[in-house]
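Let us walk through the inside of this protein.

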Amino acid sequence: MVADEFLDYLDAKRLLVDDGLRSALMMGDGCPPGLVEAIRHGLLAPGKRLRPILVIMAAEACGGREVDAMPAACAVEMVHAYSLIHDDLPAMDDDDLRRGQPTCHKKFGEALAILAGDALLTLAFQVLTEGYPPATAAGCCRQLAIGAGACGMVGGQVLDLAQEAADPKDNGRLEKLQAIHASKTGALFRTCLQLGAWSALGETPGGPDPQVLKSLDGFGKCFGMLFQITDDLLDVESTVELTGKRVQKDAACGKLTYPGLLGTAESRRRAKEMGDQALDHLKFLGPHGARLSALVPFILERKR
């Protein structure tokens, strides 16, 4: 089981991130109240805040402080929230429940949900540029744009939508599944770790150590795959009460998943394999990577 001390750490960081997000949404009188309400609904709903906590962990592994990481942590959660709002739309995954509450378009209508997502995406970059000196801001903006963009998260969503219409007898489905999630899920996890390093070391001459970035990126690739496999398993085995979203919907929609393609036993084996590989990538960081290492069993054992 995951140590209680680590769970306390995650809870403390989640509360700090929640405070940071609320502060970042103090946008003044220029923003229409209805838009503010929709943004708050999508961003401040109860969640694990795993992505911003990854930013903080990576920053701490690089000698930074949580206060240094907070603008980047808030920015990546804004991008994540925008992606969920848009993914839930009828034209995409058509979901009506997210984080235990009605999805944004169910509560506010499709048009306002789309605009709330747009606003969160742009606000993320504003938070970075206002929160950091020039070199760090530039590095963070570049990393977030890469991870969230056409060759990252957005591209992965396109691949996912295309796969729904693909031939179910296609022999290359495992490779396509891995490609989908390397972009749709994994790219943003990798970005979180890069953002953490940049938030801590962006103003040092030459920026973060390339070997540190390489170590974090290797961890992120494996961690993203581990997370997605466990997410697919939860859709098969968990409940709405635990996950806060509809379950067993992927198979009903014909989505390509690890359990659907490989079975639950092989999926669990691959998750463990990805976890072991993720830990190997952290060896370069030594004891500084201890909290990132502790995250691997946490994800392997998660119930929501």
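The largest cavity has a volume of about 100 Å³. On a 1 Å grid over the protein atoms alone, a cavity is a set of points where a 1.4 Å probe fits but cannot get out; lining residues have an atom within 4 Å of a point. Volume here is the space filled by probe spheres set on the points, which are joined across faces, edges and corners. Of the 13 lining residues, His 41, Gly 42, Ile 85, Asp 88 and Arg 98 are the closest to the centre. Helix H4 gives the most to the lining, three residues. Helices (H or I, at least four residues) and strands (E, at least two) are DSSP runs, numbered from the N terminus.

This is a predicted model: local features need pLDDT of at least 70, side-chain atom pairs count only at pLDDT 80 or more, and totals for chains, interfaces and linings use all residues. Residues are numbered from 1 along each chain as its sequence is written, and side-chain values use heavy atoms, without hydrogens and water.

Now the packing. The largest nonpolar core has 82 residues. Such a core is a set of buried Ala, Val, Leu, Ile, Met, Phe, Trp, Tyr and Cys residues joined through side-chain atoms within 4.5 Å. H4 supplies its largest share, twelve residues.

What about the cysteines? The structure holds zero disulfides, pairs of cysteine sulfur atoms within 2.5 Å. Cys 104 is buried (under 20% relative accessible area), at 5%. Its sulfur is 13 Å from the closest cysteine sulfur, in Cys 31, so it is too far for a bond. Cys 151 is exposed (over 50%), at 77%.

Note on methods. On a 1 Å grid over the protein atoms alone, a cavity is a set of points where a 1.4 Å probe fits but cannot get out, and a pocket is an open set with protein on both sides within 12 Å along at least five of seven lines; lining residues have an atom within 4 Å of a point. Buried means under 20% relative accessible area, exposed over 50%, partly exposed in between (1.4 Å probe, protein chains only).
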